[in-house]
Amino acid sequence: MGQRLTRGSFPRLGFIDVHIPLGRPGRGHAMVEQALRAQGLVRRIALVVPGFAAATMAAAASDLVAFMPRRVAVALGSHLPVRIVELPVKDLGHEISLAWHERTHKDPAAACLRKVIVETLRAAGGGCNETPQRKRQQRRHDGGGPGDH
């Protein structure tokens, strides 16, 4: 740890891309790509895997590079022969949202779980500034759908 991936080494490296949600790139993927492009860096994707564990195993068995949250890299990297280095970009930051069904909004156990999640993220430096709130979405009903008689 403690070394940095240089801008000059970027074009020569092959990267492992992680597509977690439904096998497609998600929000984290888009944030990484946008941050890299803004600084003139482009990844040459050599392998796509479905999760961080698979990415770490592939990196350990090859000369490919995988991006992942530091905490995940440290946890997984403690079991495999990989090096963890800093990116040549500024902190990417990220947004985490909680969503829950309306019927569980007043459930004490569910409310307690949401509170624990928020407090844990806040304590871990996850940038959590909000308390859990239900955001009511307006549902549009056009009629004629299933169950409409």
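Is Leu98 buried, partly exposed or exposed? With a relative accessible area of 34%, Leu98 is partly exposed, since it lies between the 20% and 50% limits. This value, like those that follow, comes from a predicted model.

The chain holds 4 helices and 5 strands, and their order along the sequence is β-β-α-β-α-β-α-β-α. Of its 149 residues, 24% are buried. Among contacts with a separation of 6 or more, 65% are between residues 24 or more positions apart. The chain has an accessible surface of about 11100 Å², and carbon and sulfur atoms contribute 56% of that area.

Leu98 sits in the loop between strand S5 (85-86) and helix H4 (108-123). Together with Leu113 and Ile117, Leu98 makes up a nonpolar patch on the surface. The accessible area of these three residues together is about 230 Å².

The charged side chains give another view of the model. Side chains of opposite charge can pair when their charged atoms come close. In the whole structure, 5 salt bridges are found. One of them joins the side chains of Arg43 and Asp17, with an N to O distance of 2.9 Å. This pair connects distant parts of the chain, 26 residues apart: Asp17 belongs to strand S2 (residues 14-18), and Arg43 to the loop between H1 and strand S3 (44-49). Both Arg43 and Asp17 are buried.

Arg43 also forms a salt bridge with Glu33, whose closest N and O atoms are 2.4 Å apart. Here the partners are 10 residues apart, with Glu33 in helix H1 and Arg43 in the loop between H1 and S3. The side chains of Glu33 and Arg43 are likewise joined by a polar contact of 2.4 Å. Helix H1, where Glu33 is found, covers residues 27-38. Glu33 has a relative accessible area of 13% and therefore counts as buried, the cut-off being under 20%. Arg43 is buried as well, at 9% relative accessibility. A network of salt bridges links Asp17, Glu33, Arg37 and Arg43.

Glu119 is partly exposed, with a relative accessible area of 41%, and Lys115 is partly exposed with a value of 49%.

Notes:
Residues numbered from 1 in each chain as written. Predicted model: local features only at pLDDT ≥ 70, side-chain atom pairs only at ≥ 80, totals over all residues. Heavy atoms only, no water. Helix = DSSP H or I, 4+ residues; strand = E, 2+ residues; numbered from the N terminus. Buried < 20%, exposed > 50% of the residue type's maximum accessible area, 1.4 Å probe, protein only. Contact = heavy atoms within 4.5 Å. Areas by Shrake-Rupley, 256 points an atom, 1.4 Å probe, with all protein chains shown as cover. Polar contact = N/O pair within 3.5 Å; in protein donor to acceptor, adjacent residues only side chain to side chain. Patch = residues over 30% accessible without salt bridge, like charges linked within 9 Å, V, L, I, M, F, W, Y side chains within 5 Å. Salt bridge = Lys/Arg side-chain N within 4 Å of Asp/Glu carboxyl O.
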